[in-house]
Amino acid sequence: HSYVRYMLGATLDIFNYAEILDFDPNDIFSEDYMNTLEGYLTFLANLSTSDGQSFRQGDDSGDGNVLKTYRSIIDALGNDNLLWTYSGKKEGTAPDFLGYAYDIGQKAVMRTGFDDKDMSIYINADGSVGSHSHNDDLALNLYAYGKMLLSDRRQQNYNYNSNNGALFYSTRGHNTIEINSTSMIGKSATSDKVIKDPDGNEITIYYAGTGKYKSGTLHPENREFNSLYHFIQAETLGYTGVPVFDENFKAVREVLMVAPSYVIVTDIITPDGSDDDADENTYAQYWHMIPNANVTIDEVNSLVKTNFASGANLTIAPVIGELPIIASKHTAWYNSGSIVSDYVRLEKKTDATAVYNTVLYPTPGGKDVEIETSSILLEGMSESDASAFSFEAMEDGTDIKTKVWYYNLEDLNKKRNVIFGDYQTDGEVALVEVTSHMAQDRTSLLRSLYWLKLQVGPTASRPGPMLLKQAIISLIWE
């Protein structure tokens, strides 16, 4: 993002003065150069929120519309999609896609739509490959109802040797997974160092050096973007070759965004077993908020809620599986040493694979939601083989309860027909959503999202809910 803005800025003045000096930039610049500028602007637009805002990723700390200063270049290009993003949907035409992934840069955005209320997610696995990048593979930023609900901590300064400067590019400063209080290897640091976060806890950061960093992948073979759901699998190599570790770790994040309401995040962190005397590892999943979130944590179920005085809020509902979760709230600098914001740490400890299943549920201003999650035991399979859980959500001011059953197979060697809650499947990923009107004690909508040629159906013991009205949406990913 930083380099793209530098390149655009280098020629912006020429375009701005074109009308005053009465010349056409297309007569000055080659077709290849104009195409390059169009590619840069398209990159910014494709990786923006549902209403064209910046995701504030890495050093790209600018607020507002991602194309706000580039009208003169957009006019010279005559690109209606760029004009639509620039104008806030007042001019031009909308893109004909909701999700977009750059498999060279390993960055992707998923959107439920282009209205202000729609959800948007940014995720990357770029391996911290540039001097302006952060050690933040798998980091997820979430925008909904016109607010950045999960954000980077921004870039405070370039003093990488200071605690606050280093925290901004460290793994702990992002919405991702940290192992043993050590950042992923990356190019961001200028040397190896140990810093302290605002609570006085140490963070170890290693500088990979030019050419030694390892880009991850967004796995195009396990990706599906459409108007009903988005699914993406991201993997980092940032925890391979870490000097202080006696073994390497594989870290995978799978994100399912279901329109219009919620997101399911599954994190699987697996040691490679090369250390025969492996000690217990400490894993931490982080979620960072913008200032004034007033975060609260339920001590019983580790449910996290933001409590902004106005506008949208977010509920983060972790599923308590085989390992207990230690949830804690912290405060750190946001964008400068004088501004702070909350973040949450969800910790697990084990000498084996750790799995996180987390529900993200944004709500509009003035609304709240009650969520209850429940892990589902699968016969003959562990949590590292497959994730299975359900959750119930009921929004304030309604009599509508939504219950979701989710199954996600990780070990494909164990693919078979399985029962997950009230349903069964022989596929790899399945979700069933049932919406009930509590006052009338009836089910109005049964929605099944499934792909990879799987079949979803009720169990033999439960033939299926009694439906007054039923709509089934069936999606098959070939």
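The model is predicted, so local features are reported at pLDDT of at least 70 and side-chain atom pairs only at pLDDT 80 or more, whereas totals for chains, interfaces and linings use all residues. Residues are numbered from 1 along each chain as its sequence is written, and side-chain values rest on heavy atoms, with hydrogens and water left out.

Strands here are DSSP runs of E with at least two residues, numbered from the N terminus, and two of them pair if DSSP finds at least two bridges between them. Strand β4 covers residues 140–144, and five of its five residues are buried (under 20% relative accessible area; exposed means over 50%, and partly exposed lies in between, with a 1.4 Å probe and protein chains only). In a regular strand, side chains alternate between the two faces of the sheet. In β4, Leu140, Leu142 and Ala144 lie on one side and Asn141 and Tyr143 on the other, and both faces are covered. Strand β3 (residues 120–124) pairs with β4 in the antiparallel sense over four bridges, and Ile121 stands opposite Leu142. Strand β5 (residues 147–150) also runs antiparallel to β4, joined to it by three bridges, with Ala144 and Lys147 as bridge partners. Two residues separate β4 and β5 in their hairpin, where Tyr145 in the turn has a positive phi of about 50°.

Next comes an open sheet of eight strands, with antiparallel pairing and the order β9-β10-β11-β12-β19-β16-β15-β14. Its edges are β9 (224–225) and β14 (296–297); each has a single partner strand, so one side of each is left without a neighbour in the sheet. The loop between β12 (262–271) and β13 (281–288) carries Glu280, which counts as exposed because its relative accessibility is 52%. Glu280 also belongs to a surface patch of negative charge, together with Asp246, Asp277, Asp279 and Asp351.

Strand β21 (residues 386–395) is largely enclosed by the rest of the structure, because seven of its ten residues are buried. Strand β20 (residues 369–375) pairs with β21 in the antiparallel sense over seven bridges, and Glu372 has Glu392 as its bridge partner. Nine bridges, again antiparallel, join β21 to β22 (residues 400–409), with Met394 opposite Lys401. Four residues lie between β21 and β22 in their hairpin, and Gly397 there takes a positive phi near 75°.

In total, the structure holds 17 salt bridges (a side-chain nitrogen of Lys or Arg within 4 Å of a carboxyl oxygen of Asp or Glu). One of them links Lys401 to Glu392, with the closest N and O atoms 3.8 Å apart; Lys401 is partly exposed at 23%, as is Glu392 at 26%. Lys414 and Asp385 meet at 2.9 Å, N to O. This pair links distant parts of the chain, 29 residues apart, with Lys414 in the loop between β22 and β23 (418–420) and Asp385 in the loop between β20 and β21. Asp385 is buried at 9%, while Lys414 is partly exposed at 29%.

How values were computed:
Patches are made of residues with over 30% relative accessible area and no salt bridge: like charges are joined within 9 Å, nonpolar side chains (Val, Leu, Ile, Met, Phe, Trp, Tyr) within 5 Å. Accessible areas come from the Shrake-Rupley method with a 1.4 Å probe; for residues, only the protein chains shown count as cover. Lys and Arg count as positive and Asp and Glu as negative; His and the chain ends are not counted. The place of a charge is taken as NZ of Lys, CZ of Arg, CG of Asp or CD of Glu.
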